[in-house]
Amino acid sequence: AVLKKIQKIIVSYETNTSASTVTTSFSTNYRTDSTFSTVNSSTWDAAANGGIKNINATSIGTCSSLKLKFSGSGSYKITDVTVVYRTRIKEPSSSVN
């Protein structure tokens with residue numbers, strides 16, 4: 001299996017005329033419960049014509065899948081999400097007879 005070391009999340013967004021406070025949370029490795037951990041909580045500047053938010057995501061670590069959740073106050077629309085990562089190859093498990 002190929003593992004990914006998450007480096008950064010880049011979010012393109014639009015807002016109305018005021019800033020929005022947005023919390024970015026994540027869940028990894030195909031979790032089916034609703035457990036999310038916060039990776040960033042910040043104010044997204046007013047950007048009627050579009051804005052970009054760079055989120056340092058090294059705290060996520062290495063995973064095989066990633067689920068993101070954006071929640072916050074104010075009105076905002078996410079137009080694109082880019083995840084920057086480095087691949088890691090998982091060593092096959094070995095059995096000893």
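Author: Contacts are pairs with heavy atoms within 4.5 Å. In the protein chain, 78% of the contacts with a separation of 6 or more are between residues 24 or more positions apart. This is a predicted model, in which local features need pLDDT of at least 70 and side-chain atom pairs count only at pLDDT 80 or more, while totals for chains, interfaces and linings use all residues. Residues are numbered from 1 along each chain as its sequence is written, and side-chain values use heavy atoms, with hydrogens and water left out.

Reader: How many helices and strands does the protein chain have?

Author: The protein chain has zero helices and seven strands. Both are DSSP runs numbered from the N terminus: helices are H or I with at least four residues, strands are E with at least two. The order from the N terminus is β-β-β-β-β-β-β.

Reader: What makes the pair of Y13 and W44 tilted?

Author: Rings of Phe, Tyr and Trp (its six-membered ring) pair if their centres lie within 6.5 Å; planes under 30 degrees apart count as stacked, over 60 as edge-to-face and the rest as tilted. That rule gives three aromatic pairs. For Y13 and W44 the centres are 4.8 Å apart and the planes stand at 40°, so the pair is tilted. Y13 belongs to strand β1 (residues 2-15) and W44 to strand β3 (residues 37-44), so this pair ties together parts 31 residues apart in sequence.

Reader: Are Y13 and W44 buried or exposed?

Author: Buried means under 20% relative accessible area, exposed over 50%, and partly exposed in between (1.4 Å probe, protein chains only). Y13 has a relative accessible area of 4% and is therefore buried. W44, at 0%, also counts as buried.

Reader: Why is the pair of W44 and Y76 called edge-to-face?

Author: The ring centres of W44 and Y76 are 5.6 Å apart and the planes are at 65°, so the pair is edge-to-face. Y76 lies in strand β7 (residues 76-89) and W44 in strand β3, so the pair ties together parts 32 residues apart in sequence. At 23% relative accessibility, Y76 counts as partly exposed. Y13, W44, F70 and Y76 form one aromatic cluster.

Reader: Which residues have the most contacts inside the largest nonpolar core?

Author: A nonpolar core is a set of buried Ala, Val, Leu, Ile, Met, Phe, Trp, Tyr and Cys residues joined through side-chain atoms within 4.5 Å. The largest one has 14 residues, and those with the most contacts inside it are I9, V11, V39, W44, A57 and I60. Two or more residues come from each of β1, β2 (20-28) and β3, and β1 gives the most, with four. In soluble globular proteins, nonpolar side chains tend to be buried together.

Reader: How do you know that S20 is buried?

Author: The relative accessibility of S20 is 1%, so S20 counts as buried. S20 lies in strand β2. Leaving out residues up to four places away in sequence, S20 touches several residues, including W44, S75 and Y76.

Reader: Why is N54 called partly exposed?

Author: N54 has a relative accessibility of 48%, so N54 counts as partly exposed. N54 is in strand β4 (residues 51-56). N54 and K8 are 46 residues apart in sequence and 7.0 Å apart in space, C-alpha to C-alpha. Leaving aside neighbours within four places in sequence, N54 is in contact with K8, I9 and I10.
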